[in-house]
Amino acid sequence: MRDAFGGVFMFNLFIVFIFIFVAFSAVSLTYAKAFRLKNSLISYVEENEIISLNLDIDKLEEIDKILKSASYYKTCDSVGLTEGNTKSAEGKINGYCHNGVVIRVKDGYPQKIEGTTSELIVYEIITFADWNLGALNKLLALSGQRETDENRITGSWKIIGQAQVVARN
């Protein structure tokens, strides 16, 4: 009987370690995808020297291509924002949210570059890495807890990067 109990215990321990490994791998891959997307968007903003957040259709289509190639399917609603312009605490338009990606002007910018008529604009590019441990939610349901929004084990991280553009006047 002792051998049977030891075998079951080892089997359960093995299953727990596999579950932890798979969960860690899934979270790591999601984080890496959001980080890679942020870097692609920074490159796009800097290479195209975007100096205004009034993005036209061509620029939005190019951003959509970058998002689709990265398999990034989020909405601004899912990150707590509305699609389109974002506003600062003072009510001033300071950014743009498009398909779950936020591009906004960093506080204190644009700044004049000394000795020139050019301005330095620093954008913050924000992507989100979400995690949802669905299997753990199913285990909670087996234990008698209903799977509702408040019981879901989810979360997200902001991945923030900066793009610098010189606006030549």
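Visitor: What makes the charged end of K74 count as sitting over the ring of Y72?
Guide: In this predicted model, the charged end of K74 is 4.9 Å from the centre of the Y72 ring. The cut-off is within 6 Å of the ring centre and within 35 degrees of the ring normal, so K74 is counted as sitting over Y72.

Visitor: Which ring does the charged end of K38 sit over?
Guide: That of F35, with 4.3 Å to the ring centre. The distance limit is within 6 Å, so 4.3 Å meets it.

Visitor: Why is the pair of Y31 and F35 called stacked?
Guide: The ring centres are 6.3 Å apart and the planes are at 25°. Pairing needs centres within 6.5 Å, and stacking needs planes under 30 degrees apart, so the pair is stacked. Both residues lie in helix α1 (residues 2–47), four residues apart, about one turn of the helix.

Visitor: Why is the pair of Y31 and W157 called edge-to-face?
Guide: The centres are 6.1 Å apart, and the planes stand at 90°.

Visitor: Why is Y31 called partly exposed?
Guide: The relative accessibility of Y31 is 37%. Buried means under 20% and exposed over 50%, so Y31 falls in between. F35, with 37%, is also partly exposed, and W157, at 38%, is partly exposed too.

Visitor: How do you know that C76 and C97 are joined by a disulfide?
Guide: The S to S distance is 2.1 Å. The limit is within 2.5 Å, so the two cysteines count as a disulfide. A search of the whole structure finds one disulfide. C76 is in the loop between α2 (57–69) and β1 (84–87), and C97 is in strand β2 (residues 93–98); the pair links distant parts of the chain, 21 residues apart.

Visitor: What makes the disulfide of C76 and C97 left-handed?
Guide: The torsion about its S-S bond is about -110°, so the disulfide is left-handed.

Visitor: Are C76 and C97 buried or exposed?
Guide: Both C76 and C97 are buried, which means a relative accessible area under 20% for each.

How values were computed
Residues are numbered from 1 along each chain as its sequence is written. This is a predicted model: local features need pLDDT of at least 70, side-chain atom pairs count only at pLDDT 80 or more; totals for chains, interfaces and linings use all residues. Side-chain values use heavy atoms; hydrogens and water are left out. Helices (H or I, at least four residues) and strands (E, at least two) are DSSP runs, numbered from the N terminus. Buried means under 20% relative accessible area, exposed over 50%, partly exposed in between (1.4 Å probe, protein chains only). Rings of Phe, Tyr and Trp (its six-membered ring) pair if their centres lie within 6.5 Å; planes under 30 degrees apart count as stacked, over 60 as edge-to-face and the rest as tilted.
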